[in-house]
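Hi everyone, thanks for coming. Let's take a look at this structure together, one piece at a time.

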Amino acid sequence: MTSASGPTAAWRPGAQNGNLLPAGPGGRLSAPAGDGHGPESGPPTVTIGSYPDYPAAQRVVDHLADNRFPVEHSAIVGTNLTLVETVLGRMTTGRAALLGAGTGAWFGLFIGLLFGIFTVGNWLAVILVGLVIGAIWGAVFGAVAHAMTGGQRDFTSASSLRAGQYAVIVDAQLADQARQVLARLRMPQTANAH
(Lines give C-alpha, C1' and ligand atoms only; values in the text may rest on other atoms or scores of the structure.)
Protein backbone atom coordinates (compact mmCIF):
# COMPACT_ATOMS: atom_id res chain seq x y z
CA MET A 1 0.00 0.00 0.00
CA THR A 2 1.40 3.38 -0.93
CA SER A 3 0.58 6.61 0.83
CA ALA A 4 0.28 10.01 -0.77
CA SER A 5 2.69 12.69 0.26
CA GLY A 6 3.54 16.17 -0.83
CA PRO A 7 1.66 19.45 -1.05
CA THR A 8 -1.18 18.06 -3.20
CA ALA A 9 -2.03 15.13 -0.94
CA ALA A 10 -5.30 15.45 0.98
CA TRP A 11 -5.57 14.88 4.71
CA ARG A 12 -7.80 12.02 5.79
CA PRO A 13 -9.09 11.55 9.35
CA GLY A 14 -7.22 8.73 11.05
CA ALA A 15 -4.34 8.84 8.57
CA GLN A 16 -0.97 8.05 10.14
CA ASN A 17 1.17 9.85 7.60
CA GLY A 18 3.32 12.36 9.52
CA ASN A 19 4.13 14.25 6.31
CA LEU A 20 0.54 15.35 5.86
CA LEU A 21 -0.40 16.55 9.33
CA PRO A 22 1.82 17.92 12.08
CA ALA A 23 1.83 16.16 15.42
CA GLY A 24 -0.72 17.38 17.93
CA PRO A 25 -0.50 17.48 21.72
CA GLY A 26 1.45 14.56 23.13
CA GLY A 27 2.98 13.80 19.72
CA ARG A 28 -0.28 12.31 18.40
CA LEU A 29 -1.82 13.32 15.12
CA SER A 30 -4.78 15.63 15.57
CA ALA A 31 -7.49 16.82 13.23
CA PRO A 32 -8.15 20.55 12.81
CA ALA A 33 -10.85 21.95 15.09
CA GLY A 34 -14.24 22.98 13.72
CA ASP A 35 -15.35 22.47 10.15
CA GLY A 36 -12.08 23.59 8.58
CA HIS A 37 -13.48 26.97 7.47
CA GLY A 38 -11.83 29.16 10.10
CA PRO A 39 -11.87 29.43 13.87
CA GLU A 40 -14.77 28.01 15.82
CA SER A 41 -17.47 30.59 16.41
CA GLY A 42 -18.49 29.31 19.84
CA PRO A 43 -21.93 28.25 20.99
CA PRO A 44 -24.97 28.84 18.75
CA THR A 45 -26.51 32.29 19.11
CA VAL A 46 -29.96 33.81 18.69
CA THR A 47 -30.85 37.37 17.67
CA ILE A 48 -33.09 38.88 20.35
CA GLY A 49 -33.51 42.24 18.66
CA SER A 50 -32.38 44.43 15.79
CA TYR A 51 -32.07 48.22 16.19
CA PRO A 52 -31.53 51.16 13.83
CA ASP A 53 -28.55 52.66 15.69
CA TYR A 54 -25.79 51.68 18.09
CA PRO A 55 -27.07 53.65 21.13
CA ALA A 56 -30.35 51.68 21.00
CA ALA A 57 -28.51 48.34 20.91
CA GLN A 58 -26.22 49.55 23.70
CA ARG A 59 -29.27 50.51 25.77
CA VAL A 60 -30.60 46.95 25.40
CA VAL A 61 -27.33 45.41 26.61
CA ASP A 62 -27.19 47.93 29.48
CA HIS A 63 -30.73 46.91 30.46
CA LEU A 64 -29.70 43.25 30.42
CA ALA A 65 -26.66 44.02 32.58
CA ASP A 66 -28.75 46.07 35.05
CA ASN A 67 -31.06 43.05 35.46
CA ARG A 68 -28.20 40.66 36.24
CA PHE A 69 -28.25 38.91 32.86
CA PRO A 70 -24.82 37.36 32.06
CA VAL A 71 -23.93 39.88 29.35
CA GLU A 72 -20.63 38.13 28.66
CA HIS A 73 -22.81 35.76 26.59
CA SER A 74 -24.11 38.56 24.36
CA ALA A 75 -22.79 40.65 21.48
CA ILE A 76 -23.77 43.66 19.37
CA VAL A 77 -23.33 42.90 15.68
CA GLY A 78 -23.40 45.65 13.05
CA THR A 79 -24.90 44.49 9.76
CA ASN A 80 -25.29 46.05 6.29
CA LEU A 81 -21.89 47.73 6.60
CA THR A 82 -21.08 50.75 4.46
CA LEU A 83 -17.71 52.44 4.01
CA VAL A 84 -18.08 56.22 4.05
CA GLU A 85 -15.16 58.41 2.99
CA THR A 86 -15.80 62.04 3.94
CA VAL A 87 -13.79 64.51 1.84
CA LEU A 88 -12.27 67.12 4.13
CA GLY A 89 -10.72 69.45 1.57
CA ARG A 90 -8.45 69.96 -1.40
CA MET A 91 -4.79 68.97 -1.06
CA THR A 92 -2.24 71.23 -2.68
CA THR A 93 1.54 71.06 -2.55
CA GLY A 94 1.53 74.05 -0.18
CA ARG A 95 -0.98 72.42 2.15
CA ALA A 96 0.98 69.15 2.05
CA ALA A 97 4.13 71.08 2.97
CA LEU A 98 2.29 72.83 5.82
CA LEU A 99 0.95 69.54 7.21
CA GLY A 100 4.41 68.00 6.85
CA ALA A 101 5.94 70.96 8.67
CA GLY A 102 3.54 70.45 11.57
CA THR A 103 4.35 66.75 11.83
CA GLY A 104 8.06 67.43 11.46
CA ALA A 105 7.92 70.13 14.14
CA TRP A 106 6.45 67.64 16.64
CA PHE A 107 9.15 65.11 15.82
CA GLY A 108 11.85 67.82 15.99
CA LEU A 109 10.49 68.96 19.35
CA PHE A 110 10.73 65.39 20.64
CA ILE A 111 14.32 65.02 19.42
CA GLY A 112 15.19 68.47 20.80
CA LEU A 113 13.78 67.55 24.21
CA LEU A 114 15.69 64.28 24.14
CA PHE A 115 18.99 66.05 23.38
CA GLY A 116 18.09 68.94 25.69
CA ILE A 117 17.97 66.60 28.69
CA PHE A 118 21.65 65.74 28.22
CA THR A 119 22.84 69.27 27.34
CA VAL A 120 24.93 71.13 29.88
CA GLY A 121 24.68 74.52 28.15
CA ASN A 122 21.62 76.28 26.75
CA TRP A 123 19.03 73.49 26.55
CA LEU A 124 16.31 75.84 25.27
CA ALA A 125 18.35 76.57 22.14
CA VAL A 126 18.76 72.83 21.49
CA ILE A 127 14.99 72.33 21.73
CA LEU A 128 14.26 75.26 19.39
CA VAL A 129 16.85 74.10 16.84
CA GLY A 130 15.31 70.59 16.87
CA LEU A 131 11.85 72.09 16.36
CA VAL A 132 12.93 74.30 13.45
CA ILE A 133 14.96 71.60 11.69
CA GLY A 134 12.09 69.12 12.12
CA ALA A 135 9.60 71.62 10.65
CA ILE A 136 11.84 72.32 7.64
CA TRP A 137 12.46 68.66 6.87
CA GLY A 138 8.80 67.82 7.43
CA ALA A 139 7.75 70.52 4.95
CA VAL A 140 10.22 69.25 2.36
CA PHE A 141 9.12 65.63 2.75
CA GLY A 142 5.41 66.60 2.73
CA ALA A 143 5.78 68.61 -0.48
CA VAL A 144 7.85 65.92 -2.21
CA ALA A 145 5.47 63.14 -1.16
CA HIS A 146 2.49 65.07 -2.54
CA ALA A 147 4.30 65.93 -5.77
CA MET A 148 5.15 62.24 -6.28
CA THR A 149 1.45 61.29 -6.33
CA GLY A 150 1.15 63.02 -9.71
CA GLY A 151 -2.26 64.51 -8.92
CA GLN A 152 -3.83 61.10 -8.33
CA ARG A 153 -5.30 62.09 -4.99
CA ASP A 154 -5.58 65.86 -4.57
CA PHE A 155 -7.87 65.78 -1.56
CA THR A 156 -7.82 64.79 2.10
CA SER A 157 -10.44 62.54 3.58
CA ALA A 158 -11.47 60.50 6.61
CA SER A 159 -12.95 57.01 6.30
CA SER A 160 -15.49 55.45 8.61
CA LEU A 161 -17.47 52.22 8.67
CA ARG A 162 -21.21 52.52 9.33
CA ALA A 163 -23.76 49.80 9.95
CA GLY A 164 -27.33 49.86 8.66
CA GLN A 165 -28.64 48.15 11.77
CA TYR A 166 -27.35 46.60 14.98
CA ALA A 167 -28.42 43.14 16.14
CA VAL A 168 -28.16 42.06 19.77
CA ILE A 169 -27.38 38.36 19.94
CA VAL A 170 -27.12 36.01 22.93
CA ASP A 171 -26.18 32.36 23.39
CA ALA A 172 -29.10 30.15 22.37
CA GLN A 173 -29.52 28.60 25.84
CA LEU A 174 -29.97 32.09 27.35
CA ALA A 175 -32.33 33.52 24.70
CA ASP A 176 -35.54 32.94 26.67
CA GLN A 177 -34.07 34.56 29.78
CA ALA A 178 -32.94 37.58 27.73
CA ARG A 179 -36.37 37.94 26.11
CA GLN A 180 -38.04 37.89 29.54
CA VAL A 181 -35.73 40.65 30.77
CA LEU A 182 -36.32 42.70 27.60
CA ALA A 183 -40.09 42.34 27.88
CA ARG A 184 -39.92 45.04 30.57
CA LEU A 185 -38.03 47.42 28.24
CA ARG A 186 -40.20 48.92 25.50
CA MET A 187 -38.06 49.90 22.50
CA PRO A 188 -38.83 50.01 18.77
CA GLN A 189 -37.05 47.37 16.71
CA THR A 190 -36.35 47.29 12.99
CA ALA A 191 -37.10 43.56 12.80
CA ASN A 192 -38.74 41.02 15.04
CA ALA A 193 -36.53 38.77 17.13
CA HIS A 194 -36.22 35.23 15.88
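**A pair of strands, then a helix**

Let's start with Val-46, which stands opposite Val-170 in β5. Helices (H or I, at least four residues) and strands (E, at least two) are DSSP runs, numbered from the N terminus.

Before we go on: this is a predicted model, so local features need pLDDT of at least 70 and side-chain atom pairs count only at pLDDT 80 or more, while totals for chains, interfaces and linings use all residues. Residues are numbered from 1 along each chain as its sequence is written, and side-chain values use heavy atoms, with hydrogens and water left out.

pLDDT is the predictor's confidence in each residue, from 0 to 100. Here its mean is 80, and 74% of the residues reach 70 or more. Over residues 1–30, though, the pLDDT is below 50, and beyond near neighbours in sequence this stretch has 26 contacts in the model. Contact means heavy atoms within 4.5 Å.

Is strand β1 (residues 45–51) enclosed or open? Largely enclosed by the rest of the structure, because 5 of its 7 residues are buried. Buried means under 20% relative accessible area, exposed over 50%, partly exposed in between (1.4 Å probe, protein chains only).

Now helix α2: its buried residues, including Ala-96, Gly-100 and Gly-104, pack against α3 (123–148).

Last stop, Ser-160 in strand β4 (residues 155–162). Ser-160 and Val-84 are 76 residues apart in sequence, yet 5.3 Å apart in space, C-alpha to C-alpha.

Conventions:
Two strands pair if DSSP finds at least two bridges between them.
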